[in-house]
Amino acid sequence: MPHAVTLIPGDGTGPEITEATRRVLEATGVKFVWDVRRAGAEMLEKYGTVLPDDVIESIKRTKVGLKGPITTPVGRGQRSANVTLRKKLDLYANLRPAKTYPGLRSRYENIDLIIVRENTEDLYAGIEFQRGTREHEEILEAISRCSGHQLDPESALSVKYISVAATRRIVRFAFEYARANGRRKVTAVHKANIMRLSDGLFLATAHEVAKEFSDIQFEDRIVDNMCMQLVQKPELYDVLVLPNLYGDIISDLSAGLIGGLGVAPGANIGSQCAVFEPVHGSAPKYAGQNKVNPMAMMFSGVMMLRHLGEREAAHRLERALTQIIAEGKYVTYDLKPRPDDPTAVGTSQVADAVIERLHR
Ligand code: NAD
C-alpha cells in the first residue's frame with residue numbers, strides 16, 4: 001500500500017529542497033501518494049492567508065505531512081504559518097535530533113542529543129496585546145488591580161502561558177521517547193529561579209512525571225547554564241525537554257554544534273498527525289539558486305520513513321546521506337571547508353548523488 005503524505009513545499013528555498021527530498025524518498029522504493037498543498041508567501045497574496053484551510057484538512061486526512069520552510073515576516077500582523085499549523089493540529093511535541101556524523105565540520109565528536117520542545121504554548125501561544133488598543137488598556141488596568149504594577153501604556157505585552165496538562169504530556173513524551181530508544185537520561189531545561197511561577201510550574205510538573213520513569217535518569221538545568229554546558233561538554237547530555245521558546249533557541253544552538261542548520265532535521269508530533277520539516281527557515285536570499293543544503297529535509301524524511309514503519313528504507317537513506325557527508329564531495333557550500341569553495345554542488349546535485357548511492 002502506498003503511503004498518502006501531504007507535501008507542503010513552502011516558500012523561499014522550500015520548493016527546491018522539497019523537490020530534492022521527494023526524489024530521494026521515491027528512490028528508496030517506498031511508494032507514496034503525495035497530496036501537494038501550497039502554503040506561504042504566495043498564498044498570502046492570493047488568498048490573504050499563508051496557511052489555507054485545505055492544508056490542515058489534507059494533513060488531518062493523510063495524518064502525515066512533509067513540509068518545507070515557510071517565511072514569517074518579522075514584526076508585521078501576520079501570524080507564523082508554522083506556529084499556526086502546529087497549534088491547529090495540536091502537534092505538541094517538536095522532536096529535533098542533533099547528531100554528529102563523520103565528515104561534518106563540527107568542533108565536537110560524539111554529539112547525540114534529542115531536543116524535545118513543547119510546541120503549543122509558552123510565549124508562542126500568540127497571546128499578545130498591542131499598545132493603543134482597548135484590549136491593551138484593559139489588560140494594563142487588570143494588571144494594576146491584581147498586582148499593583150503600573151505599566152507604561154507605550155508598551156506591548158506577550159503572555160507566557162505554561163499549563164500543567166501541556167507540560168505533563170511533553171515531559172511524558174520525552175521519557176517515553178527515551179525509554180523506546182534506549183536513552184539513559186532526560187534533562188528538563190527552565191528558568192524557574194526567575195520565572196518562579198510559569199517555569200516553576202514546568203519544573204515541578206517535570207519532577208512529578210519523572211517519578212513514573214524510575215528506569216531513566218532525570219535532572220534539570222537552568223537555561224543559561226544549559227547553553228554554556230552544551231558548548232563545553234555536549235556529550236554529557238542525552239534527551240532535553242524544554243518549553244517552547246528555550247526549545248527553539250537550544251535546537252538552533254545544537255544544530256550549530258553538529259555542523260549547521262543544513263543537516264538538522266525535525267518532526268512535529270501530535271496524538272493524531274505528524275509533520276516532518278527541517279529546523280532551518282526559508283533562507284529567502286538563496287531562493288531559486290539551487291544552492292542550499294537539502295539534507296536537513298532529507299534527514300526529516302528519514303524520520304518520516306521510521307514513523308511510517310519503513311525502517312529498512314529509513315536506514316538505507318540515512319546511510320546514503322552519511323556516506324555522502326563523510327566523502328565530502330557531493331555536498332553544498334555549507335559543508336565545504338570554505339563557503340566559497342568552487343567544488344560545492346547544488347541542491348539537486350545532492351539529490352542525484354543520494355539517488356545514485358541508493359541504487360548501488
Ligand atoms: P534561516 O534558517 O532561513 O536561514 C539562516 C541562515 O542559515 C541562512 O541565511 C543560511 O546561511 C543558513 N541556512 C539555512 N538553511 C540552510 C540550508 N538548508 N543550507 C545551507 N544553509 C542554510 O533563518 P532566518 O533567516 O532567520 O529565517 C528566514 C525565514 O524563515 C523567516 O521568515 C523565518 O520566520 C522563517 N522560518 C521558518 C521556519 C519553518 O518553516 N519551520 C523555521 C525557522 C524560520
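I sorted the shell around the ligand by class and noted 9 nonpolar, 7 polar and 5 charged residues, where Ala, Val, Leu, Ile, Met, Phe, Trp, Tyr, Cys and Pro count as nonpolar, Asp, Glu, Lys and Arg as charged, and the others, Gly among them, as polar. I noted that this is a predicted model, in which local features need pLDDT of at least 70 and side-chain atom pairs count only at pLDDT 80 or more, while totals for chains, interfaces and linings use all residues. Residues are numbered from 1 along each chain as its sequence is written, and side-chain values use heavy atoms, with hydrogens and water left out.

I then looked up the ligand's neighbours, and found 21 residues around the ligand, the closest being Ile70, Thr72, Gly281, Ala283 and Asn293 (a residue is near if one of its heavy atoms lies within 4 Å).

For polar contacts, meaning pairs of N or O atoms within 3.5 Å, I noted that a polar backbone atom of Ile70 is 2.9 Å from an oxygen atom of the ligand. A nitrogen atom of the ligand lies 3.1 Å from a polar side-chain atom of Glu277, and for Tyr333 I read 3.0 Å between a polar side-chain atom and a nitrogen atom of the ligand.

Turning to the sheet, I found it open, with 10 strands in the order S2-S1-S3-S12-S11-S4-S5-S10-S8-S9 and mixed pairing; strands (E, at least two residues) are DSSP runs numbered from the N terminus, and two of them pair if DSSP finds at least two bridges between them. At the edges I noted strand S2 (32–36) and strand S9 (217–222), each pairing on one side only.

Terms used:
A polar contact is a pair of N or O atoms within 3.5 Å; within protein, one must be able to donate a hydrogen and the other to accept it, and residues adjacent in sequence count only if both atoms are side-chain atoms. Helices (H or I, at least four residues) and strands (E, at least two) are DSSP runs, numbered from the N terminus.
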